[in-house]
Amino acid sequence: MLTVLAALFAVSIVVPWIYHRLGRPTFFVLAGVNLAAMIYVAVTYLPSVLSADQGAGVGDPRGPPSAVYEWLPEFGVSFAFRLDALSMVMSMLILGVGALVMLYCARYFAASERAAGPFAAQLFAFGAAMFGIVISDDIIMMFIFWEITTVLSFLLIGYSAHRIFARRSATQALIVTKLGGLTMLVGLLWVGELAGSNRLSDIMAAGPELSGTQVDLAVILVLVGALSKSALVPFHFWLPAAMAAPTPVSAYLHAAAMVKAGVYLVARFAPGFHETSFWLPIVLGFGLATMLVGAYRALRQTDIKLVLAYGTVSQLGFLVMINGLGTENAALAGIAMLLAHGLFKAALFMVVGIIDHESGVRDLRVLSGLGRTQRPLLWISVISAASMAGLPPLFGFVAKEVVFESFFEAAETDGGWFWVVMVGVVVASVLTFAYSARFLWGTFATKRDDEGAVLEDTRFHGPVDLVFLAAPAVLTLATVVFAFWPAPIEAMISPYTDLFGPIEPGASITYLALWHGFTIVLGLSALTWVLGALMFVGRRGIAAAQERVPALVDAERSYRASIRGIDAFSQALTSRTQSGSLGHYLFIILAVATVLPLVAVIYVKGGIPTPDAWIIAEEPLQVVLGVIVVAGGIGAVLAPKRFMAVLMVGLCGYGIAGLLGLQGAPDLALTLLLVESIILVVFVLALRTLPAGIWTRSRTSSKLSRAVLAVGFALAMMGLAALSVSARSERPVSEEYPWMSLDIGHGANIVNVTLVDIRVWDTFGEVTVIAAAATGVASLIFVKRRDVRRLTVKDIPTGSVGRVLTDENFSPSQVREIRAARSFATVAREAWLVAGRTLAPEHRSIIFEVVTRLLFHAIVLLSVYLLLAGHNTPGGGFAGGLMAGLAFVLRYLAGGRYELEAAMRFSAGGLMGAGIVVACVVGIVPLFVGGEVFQSYYVDLDLPLFGEHALVSSVLFDVGVYLVVVGLIVDVLRSLGSEIDLRSEEENRDTSDYGHGVHAETSAGVAR
Amino acid sequence: MTVNLTLVLVMGVMLATGVYMVLERSLTRVVLGVILISNGANLMILMSGGRAGEAPLVRDYLSSEDYFDPLPQALLLTAIVIAFALVAFMLALVYRSWVIGRQDEVVDDPEDRRVAAQPVYDPEEDSEIPTETTEFDGGGGAPTEEAAEPAPDSRRARRERREGRD
């Protein structure tokens, strides 16, 4: 059976391509596939299904055919399929009606309809998913197929996506059935948990033993799913709206698929759970209400498709009631009624579709004379509608007889409320008769208008194709045949009914037949016919009465009101919280970050810990540094000028570097000092084109609230820090680090060995983050390409780089100064820097150039020393890289962008790439010599002059880090330095006046 | 463990000034605020190392308790360099914002404003539409905006063709 299921889904996937080739005849192929699947399932499995013990679980040799494949064994979820009698009956209905619907589609859609390919695929997959639902033995599998039908029904109902009505109906069906589906999932999982298995067969076997509130509640949730899917009150409104779908979909949806899934679920759970506390009240109560509401509404409709749609709602209530009753007779009656309904309702929808297709009219006030002109349609409709009304000699009558009998025996045995149910069912059946008659009259009768004139005959565009008529004709034929020959139906259903006991020991077991003798039940049937006929005769009066009675509760209106309420709520919430101000969002985030930890602290286990001891500081110098840092922080807040604020923040950084050093962390102090220096330069480079003053417009009130939040946040974090330090009870993991570092990492600098060996993966990740950030900087500045290869130094005219100012820009004394500088710049003498001469004289500083010349190589050497010695003494790849970066910063500042090009000939991207490659190689190579990733090796060297040295492979990793950091700084210099230089120079040349005021005070002096 | 009041206090000031500046509209101040906050966070990590100790360079005469805890130091070292890369990136953003819009300010997102101001009424869901009574004639009473659209299927064309033939 898994093969059949897989084949059906596989076909649905290739349908669009087939349709592209074959066009409309594709539907014949699909009808054939459905028919073949039906015959295959029947021939292969029918004997073994019917002879099996229906209650036996999967794996039991006496049980029905099954197939199980493991999926998620740890969660008890598997691809479990089981074909028992109930599944068999449902499969026959789904595949059989599916084949006929496909056949019908072959004429319903225009040959030129292009959108029909995907539609055919969806409709076919819909049938396949229904088949999946009924053969699934695993609740998760069943739920998945259930939701597939929900999603596909959304697509099918919304087929005419250009119509607002179709879109709205599709969304409504999706939301309502999804709501039910999710509720059902909770119920199913709960029931599965209680029964200790996710297998439906196991759950059903365990069902009768389960009792208690939990089962009662879980079953309610499952029933909510069934109710929503089967469009029972109060979810019934989606089904009439779903007639926005093309009529073949409606026929399938109402007769064999989708809504029948809910009935199936009730029938599936009835054997095990009909005795739980809320089962019968829900099933009978909501079922009866639905049956009455649906039938009553059907009488009011003027669109014949809507008459049928509300008729389906009514019949679904009926089906859920009888299938949920839980006796042997009711089970037989329920499944028989399910089949009968499938046969007549599909046929009637198809008739409506043909009329709509051929005449474009569905309004029964307009339709007229079709009974005379369209005889075949009339006969099909008369027979099917009569079956719907429960008239003999048709299958609808046969089924309804046993339904009445089941309710009657329940009322006789248990009395009380069951009599109410019995009366309600009879009343609803009278209404059913009346709307069936009204449907026939409305569709086929010759009518007169208000003045008494005969309406013009409804005209068809042409004769109705025989293929078009074939599907409803076959269904109608089945309605007749099974009335006279119900034996095969009964044979298929009876194994399922054996799961139930009779209503009381010794009660008679009923059977399907046209004639049971003169019984009370037959009398009830006759009563419904007579009353129904009377209602039809007095239809004008009833219609007038219905006009006067206002609808008390309109479920669709309540649905739309609740959706609108949700919309309004989310809109209000969004407009309150999403003001568009980043500061506002940050404020909220920080406020939560302030309050939430405090709440956690209050509920901390064992009370708030108190610290063992307080100290003011480790030594007085820490206090001094602390004061400097605090002053820097406050200064940064108060600073009116941009660069003053930057300097103040830099002061904080230097102070903290000192604090780190005093605490016993020389590596950190060194690194932070270097970083702070570079940050200062980078800040100046990036912000030199911005105005000097910091432009703020924030009001005083917001200043106050910001200050309150800032202080509150800080106090919370201070408390938290003190608290967490005090609460610490474990010994630090790093106690093992000293010997690990020395014996395994072969380095004395524990921090460095931690970075390149013990926690090397962290560092590796960080290096890639740095490369990504540098690339981000470059892409923001260069926009198109990074590291464009520039002209070489010798191509650059002397004194051309930088903003070349004319004498008018300076005061007389400055002019003299500049003239002197210019005269020196042109002196032909060996330059201190390679590209120093390219700078405009007013930007050059001879002292700076000399100092750079003297220091550059020393700094680079020092950086290499830091890199290599870092394994044993403070330093390492980060500090070394930053130090080297600082050397390049010097070159750039002293000699301009061409000096930087001359100093570093590689592209920054290349440097960082090389660094990451080196780091990767260090990580991977050990794998080839039988080690683990990033395992380190070392060689002891005893060199003359240099002494004894241990060469460790992880130092190579540090080389990678070094390269990446150098690349980062070069990248930043080229982006925020060279490229911005170039752009502002171009801008100055283009608009000699524009931006002058902005740049004059900031950029002129920067290069010095 | 012992609490170092100076460190706690300095951390608090860093966080307070940082948060205050991050909440401003000036982009430069926001970047500076982020630096200050990261300073504060670094100090917090530092405090998890406990009392001050010897620099973590292994020497024979020291036991492992004598060193200042090396683990937070390794974490801090990476944090410091990452913070630098982050600051460089934010500065590039500031510069870009200045180049494009001559703005050194965080401006409100107009799209958020627009969303907040939109009405609850959604014609797709809330407009009153009559029920359609056929699938084949463009609908009994489709709203005007849709009536203007041509019928998507060519059924009408086919019908007209057939009528012409008859």
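Pro234(A) sits in the loop between α8 (213-229) and α9 (238-241) of chain A. Helices are DSSP runs of H or I of at least four residues, strands are DSSP runs of E of at least two, and both are numbered from the N terminus. The model is predicted: local features need pLDDT of at least 70, side-chain atom pairs count only at pLDDT 80 or more, and totals for chains, interfaces and linings use all residues. Residues are numbered from 1 along each chain as its sequence is written, while chains are lettered from A and ligands numbered from 1 in the order in which they are written.

The peptide bond between Val233(A) and Pro234(A) is cis, with omega about 5°. A cis bond also links Pro392(A) to Pro393(A), and there omega is near 0°. Pro393(A) belongs to the loop between α16 (375-389) and α17 (395-414) of chain A.

Positive phi values occur in loops of chain A as well. Met258(A), a residue other than glycine, has phi near 50°. Its place is the loop between α10 (247-255) and α11 (259-273). A residue is buried if 20 or more other C-beta atoms lie within 10 Å of its own, exposed if 12 or fewer, and partly exposed in between, with C-beta atoms placed from the backbone. Met258(A) counts as buried because it has 29 C-beta neighbours inside 10 Å. Phe934(A), also not a glycine, has phi near 65°. This residue lies in the loop between α35 (908-928) and β4 (938-943) of chain A. Phe934(A) is buried, because 21 other C-beta atoms lie within 10 Å.

Chain A as a whole holds 37 helices and five strands. Of its 1008 residues, 50% are buried. Two residues are in contact if their C-beta atoms, placed from the backbone, lie within 7 Å. Among contacts in chain A between residues at least 6 apart in sequence, 77% join residues at least 24 apart.

One helix pair in chain A is α3 (residues 85-108) with α20 (residues 487-497). Their axes are 8 Å apart and the packing angle is about 145°. Axes are lines fitted to C-alpha atoms, for helices over the stretch in contact, and angles run from 0 to 180 degrees between N-to-C directions. From α3(A) come Ala85(A), Leu86(A), Met88(A) and Val89(A); they meet Met492(A), Ile493(A), Pro495(A) and Tyr496(A) of α20(A). This contact has eight nonpolar residues, no polar and no charged. Nonpolar means Ala, Val, Leu, Ile, Met, Phe, Trp, Tyr, Cys and Pro; Asp, Glu, Lys and Arg are charged; the others, Gly among them, are polar.

Strands β1 (residues 66-72) and β2 (residues 77-82) of chain A run antiparallel, joined by six bridges. Strands pair if DSSP finds at least two bridges between them. Leu72(A) stands opposite Val77(A). The two strands form a hairpin with four residues between them, and Gly76(A) in the turn has a positive phi of about 70°.

Chains A and B also meet. The contact takes 134 residues from chain A and 106 residues from chain B. On the chain B side, elements that each supply at least two residues include β1 (2-4), α1 (5-22), α2 (27-47) and α3 (70-101). The most comes from α3(B), with 23 residues. The chain B side divides into 60 nonpolar, 19 polar and 27 charged residues. Strand pairing crosses between the chains: three bridges join β3 (residues 613-615) of chain A to β1(B), and the two run parallel. Trp614(A) has Val3(B) as its bridge partner in β1(B).
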